[in-house]
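Please examine the sequence and the structure shown below.

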Amino acid sequence: MNRHILSTAALLLALGGAPLAQDPPPATPLERANRTFAAIDLNRDGKLEASEIAKASVPRAVLRTWDEDGDRALSKDEFLLYYRQLMINAGQEPGDTLDREAKRIEALQKSRKEQEKRREARERELKELEGGREGETAQ
């Protein structure tokens, strides 16, 4: 598994660090991550599906591990968290901009999970209330 992580890290860091045609080299790890995402997102739909991930020689387990919302694709936010972890695993400094972006993404994910829990709790309460009312009208 570590071999896959390191080979993927080398691939992404190399791809992210390589300038695209006539573009200046990216100055920050966040810019490299964004360029890497754009290079892998072949159909330009803003997410990385399994086929795109496979073409980039990224292990399939990455999708299972980093797909936070369960849509079977990596959003740009999910990819940035993955890219940051690859840099850390490879002994690279993710830099302030990528760290700040990762913190923003993680806070957003936490907020979404909390909202989902509250929504589920409200739905349970409504079902319990409806169940109690049905029992009252049946009597």
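Glu68 and Lys113 form a salt bridge, with their closest N and O atoms 2.7 Å apart; a salt bridge is defined as a side-chain nitrogen of Lys or Arg within 4 Å of a carboxyl oxygen of Asp or Glu. This pair links distant parts of the chain, 45 residues apart: Glu68 is in the loop between α4 (61-66) and β2 (73-75), and Lys113 is in helix α6 (residues 95-138). The model is a predicted one, in which local features need pLDDT of at least 70 and side-chain atom pairs count only at pLDDT 80 or more, while totals for chains, interfaces and linings use all residues. Residues are numbered from 1 along each chain as its sequence is written, and side-chain values use heavy atoms, with hydrogens and water left out.

**Salt bridges**

- A search of the whole structure finds six salt bridges.
- In general, side chains of opposite charge can pair when their charged atoms come close.
- Glu68 is partly exposed, with a relative accessibility of 36%; buried means under 20% relative accessible area, exposed means over 50%, and partly exposed lies in between (1.4 Å probe, protein chains only).
- Lys113 is likewise partly exposed, at 47% relative accessible area.
- Asp77 and Arg104 also meet through their side chains in a salt bridge, at 3.3 Å from N to O.
- Because Asp77 lies in helix α5 (residues 76-89) and Arg104 in helix α6, this pair ties together parts that are 27 residues apart in sequence.
- Helices (H or I, at least four residues) and strands (E, at least two) are DSSP runs, numbered from the N terminus.
- Arg104 forms a salt bridge with Glu101 as well, and here the closest N and O atoms are 2.7 Å apart.
- Arg104 and Glu101 are three residues apart in helix α6, so about one helical turn separates them.
- Through salt bridges that share partners, Asp77, Glu101 and Arg104 are joined into one network.
- Arg104 has a relative accessible area of 38% and is therefore partly exposed.

- Glu78 is located in helix α5.
- Glu78 is buried yet has no salt bridge, and the nearest side chain of opposite charge, that of Arg112, is 7.1 Å away.
- What does the side chain of Glu78 reach at 2.7 Å? At that distance lies the backbone nitrogen of Ser75.
- When neighbours within four places in sequence are set aside, the residues in contact with Glu78 include Trp66, Glu68, Ala73 and Gln109; contact means heavy atoms within 4.5 Å.

**Helices**

- Helix α2 (residues 29-40) has 12 residues and should span 16 Å at 1.5 Å a residue, which agrees with the 16 Å between its end C-alpha atoms.
- The expected span of a helix is 1.5 Å times one less than its number of residues.
- Among the buried residues of α2 are Leu30, Ala33, Phe37 and Ile40.
- Helix α5 has 14 residues and reaches 20 Å from its first C-alpha to its last, close to the expected 20 Å.
- The buried residues of α5 include Phe79, Leu80, Tyr82, Tyr83 and Met87.
- Gly95, which lies in helix α6, is buried at 15% relative accessible area.
- Gly95 and Arg84 are 11 residues apart in sequence, and their C-alpha atoms are 9.2 Å apart in space.

**Aromatic rings**

- The structure holds four aromatic pairs; rings of Phe, Tyr and Trp (its six-membered ring) pair if their centres lie within 6.5 Å.
- One aromatic cluster is formed by Phe37, Trp66, Phe79, Tyr82 and Tyr83.

**Backbone angles**

- Most residues other than glycine have a negative phi.
- Arg44 is not a glycine, although its phi is positive, at about 55°.
- Arg44 is placed in the loop between α2 and β1 (47-49), and is exposed at 57% relative accessible area.
- Ser57 likewise is not a glycine, yet has a positive phi of about 60°.
- Ser57 is in the loop between α3 (50-55) and α4, and counts as exposed at 55% relative accessibility.

Key
Phe/Tyr/Trp six-rings, centres within 6.5 Å; stacked < 30°, edge-to-face > 60°. Lys, Arg positive; Asp, Glu negative; His and termini not counted. Polar contact = N/O pair within 3.5 Å; in protein donor to acceptor, adjacent residues only side chain to side chain.
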